[in-house]
Amino acid sequence: MRRRDFIKTVGVAVGASAIPFLKHLPAHAAGRGDTLVVVTGNGPNSMDIQRKGTNRPAYQIAVNLYDRLVGYGTKTLEDGTMMYDYQKLEPEVAESWEVAADGMSISFKIRDGATFWDGSPITAQDVKWSFDRAVSLGGFPTVQMKAGSLEKTEQFEAVDDKTFVIKLLRKSKLTLPDLGVPVPIIFNSKVAKANATADDPWATEFLHRTPAGGGAFMLERWEPGQQTVYT
């Protein structure tokens with residue numbers, strides 16, 4: 001089942017070594033053909049998963065509005081429930097990746113045709129900016145990145161537009177799985193930086209209400225405490 005065919009509700013890791021549990025809930029469109037309607041008991045308090053204090057419903061926002069380098073595959077349990085397969089990573093923005101022979105770096109190749117909503121290409125520079133942001137803002141996102149030994153901006157390199165490299169501080173079996181969780185999303189760095197300020201270099205106030213991504217869904221309207229409308 002493709003990502004466009006279901007909504008994703010995700011949990012939150014409680015420890016530095018924990019990976020968030022992700023669970024799919026089938027969704028059905030109502031009203032206009034391109035509008036997805038999901039009824040939940042509460043809603044997101046931010047459009048930015050990397051913002052401090054973001055609540056659990058906001059994790060759903062991240063996986064619907066943004067792409068990541070990789071994501072988890074899915075499997076169907078005996079009772080028919082669909083869930084992520086934590087043993088299977090699938091390409092998302094990265095069409096392929098290669099671990100160095102010494103295990104101390106991972107090189108990702110950005111797929112051709114990967115674009116943001118505004119039509120601009122997703123580049124390795126966007127990935128680096130997004131990862132730099134995640135390890136710099138503090139709070140849970142930084143803790144989650146650290147779970148995969150992703151701790152310093154110096155670890156991330158945009159070799160060229162299509163090649164992104166992670167240099168590891170230590171060998172870790174959690175690095176690749178950590179990239180499949182909701183936190184390491186890829187922002188349109190050009191849009192974000194255009195709305196950053198000296199006091200807010202990571203554009204947290206702008207991205208709090210105005211997503212800048214390239215995911216399967218776009219935000220049509222957000223009324224905090226009432227409704228979130230995707231298209």
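Which backbone oxygen does the side chain of Asn64 reach?

View 1. The side chain of Asn64 gets to the backbone oxygen of Gln60, at 2.9 Å. That is a polar contact (N or O atoms within 3.5 Å; within protein, one must be able to donate a hydrogen and the other to accept it, and residues adjacent in sequence count only if both atoms are side-chain atoms). Asn64 is buried, at 0% relative accessible area (buried is under 20%, with a 1.4 Å probe and protein chains only). This is a predicted model: local features need pLDDT of at least 70, side-chain atom pairs need 80 or more, and totals for chains, interfaces and linings use all residues. Numbering runs from 1 along each chain as its sequence is written, and side-chain values use heavy atoms, leaving out hydrogens and water.

**View 2. The Trp129 and Trp202 pair.** Their ring centres are 5.3 Å apart with planes at 55 degrees, so we call this one tilted (Phe, Tyr and Trp rings, six-membered for Trp, pair with centres within 6.5 Å; under 30 degrees is stacked, over 60 edge-to-face, the rest tilted). Trp129 belongs to α2 (124-136) and Trp202 to the loop between α5 (189-194) and α6 (204-209), so the pair ties together parts 73 residues apart in sequence. Both Trp129 and Trp202 are buried.

**View 3. The ring cluster around Phe187.** Ring pairs join Phe187 with Tyr66, Trp117, Trp129 and Trp202. Arg133 lies over the face of Phe187, 4.7 Å from the ring centre (for a charge over a ring, NZ of Lys or CZ of Arg is within 6 Å of the centre and within 35 degrees of the normal).

Conventions: Helix = DSSP H or I, 4+ residues; strand = E, 2+ residues; numbered from the N terminus. Buried < 20%, exposed > 50% of the residue type's maximum accessible area, 1.4 Å probe, protein only.
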